[in-house]
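Here are a few exercises to work through with the structure open beside you. Take them in order, and try each one before reading its solution.

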Amino acid sequence: MSLRVKIILITVLALLAAVIAYPKESDLLRVIGFKQNLQVKQGLDLQGGAHLVFEADLSKTPEKERTKAMEALIEVIQKRANPAGTAEVNVQRQGQNRVIVELPGVRDTADAIDRIGRTARLEFLEVSPSSQQTSLLELTGDDIQAINIDFDPTSNRPVGRLEMKGGDATKKFADATTTINKTGSLLLITVDGQPAFGPATVSEPIVDGTAQLQGNFATVEEAKKTVELIRGGQLPVPVDLVEQRTVGPTLGQESIDRSLVAGIIGLSIVALFMLAYYRLSGVVAVLALMFYAALVLAIIKLSSLTDYTIVLTLAGTAGFILSIGMAVDANILIFERMKEELRAGKSLLAALEAGFDRAWTSIRDSNVSTLITCTILYIFGTAIIKGFAVTLALGVLVSMFTAVVVSRTLLRVVIRQKWASRLGLYGVKPQEIQS
């Protein structure tokens, strides 16, 4: 790709990012017909939200099954309230039979209660292999006695071992599988509308109420989660809402304002240092940092249009600010390598290319290490830790792009200018150059 094309693409991307990051971006975007509102969604600590407490009736659940039932219940609620894991929803057990759910920014508690508090919906469907049309069978999660993970002896893939309740449930299952077997249709089982097992053929009518269900699971853990969801939906644990209230922010606008001031002061000090120490390279680094900040903010705003909304808490803001420091680190590594090459007597262009090439492995290794840490925090952390991990990982990825691509391209343009040929503009004194 030519330098001209790169400059055009970077300029277009920078303008788009600046427009979206602008606080009143809706006024600008309406000009081109974009009518949706973008926003930076804030976490519970910054804007408050809904506080719900559900109580499970475990009176009909055996004592030894209660812990498993509560874990399944929390798993269902967590998946419904925060399917992408980025919404900073807090779901935790309280006491023996209560679950607390805290939803940031939610004012319509009725909708939240309906979305979270309903029982997991399990459906059995008959699928026509020719038209792919589905018809609902008269079976539900309440007809299931037990479901467990097993392994297919031929393929060693995880499968579900299903056992229907006796009486009507077994008869309904036998009738359904008999019909499917005769018509050559397929059996599909969904959980909350998502395929869980099948569609699969039924080689013969199942009259004893037990079946092996083929699932398209990538891992055993995925199969276990699906089984837990089914168990949660069919557990005889009525869930009642016992408390609902709107909570205010624990930190609020004052914390946002102070964080903003701290970020501006820190960024200004870093910018002044880069300008004073690296001169012209510092100017390029500051421009790249501005691009970086606008691009990250634009991505956060655009995420509000998707199911993977990034909710910004104070911890997430810390991750964002921390990634700014990492973006500066990358520029410093590059510029120091570039100065070493200039002192060795190389030309500006040769020093630039060699400096970026030498710094790249260090930048790559440190950022990959950070991304691995973010992944671990996201997998094992609580909601607020996940938010920190997401914003930090996003910042690291964008900083790699701005440091390695944007800074490099801008410097390639700059050093081709006659007025930018003096080595003093890059922090290198003539007497430091090796003869």
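## Exercise 1: Strand partners

Begin with a pair of residues: Phe 54 has Val 99, in strand E3, as its bridge partner. The model you are looking at is predicted.

**Task.** Which way do E1 and E3 run, and how many bridges join them?

**Solution.** Locate strand E1 at residues 49-56 and strand E3 at residues 98-104. Next, count the bridges: seven join the two strands, which run antiparallel. Then look at the cover. In E1, seven of the eight residues are buried, and in E3 six of the seven are.

## Exercise 2: A hairpin

**Task.** How many residues lie between E2 and E3 in their hairpin, and which residue in the turn has a positive phi?

**Solution.** Start with strand E2, residues 90-94, which is joined to E3 by five bridges in an antiparallel arrangement. One of the paired residues is Gln 94, whose partner in E3 is Arg 98. Now follow the chain through the turn: three residues sit between the strands, and Gly 95 there has a positive phi of about 70°.

## Exercise 3: Checking a helix

**Task.** What span should helix H6 have at 1.5 Å a residue, and how far apart are its end C-alpha atoms?

**Solution.** H6 covers residues 168-183, which is 16 residues. The expected span is 1.5 Å times one less than the number of residues, so for H6 it comes to 22 Å. The end C-alpha atoms are 22 Å apart, in agreement with that expectation.

**Solution.** Pick out the buried residues along the helix: Ala 169, Thr 170, Phe 173, Ala 174, Ala 176, Thr 177 and Ile 180. Then look at what lies against them. The cover includes strands E4 (122-127), E5 (134-140), E7 (158-164), E8 (186-191) and E10 (210-214).

## Exercise 4: The whole protein

**Solution.** The protein has 11 helices and 11 strands. Of its 435 residues, 44% count as buried. Finally, among contacts with a separation of 6 or more, 72% are between residues 24 or more positions apart.

How values were computed: Residues are numbered from 1 along each chain as its sequence is written. This is a predicted model: local features need pLDDT of at least 70, side-chain atom pairs count only at pLDDT 80 or more; totals for chains, interfaces and linings use all residues. Side-chain values use heavy atoms; hydrogens and water are left out. Buried means under 20% relative accessible area, exposed over 50%, partly exposed in between (1.4 Å probe, protein chains only). Helices (H or I, at least four residues) and strands (E, at least two) are DSSP runs, numbered from the N terminus. Two strands pair if DSSP finds at least two bridges between them. Contact means heavy atoms within 4.5 Å.
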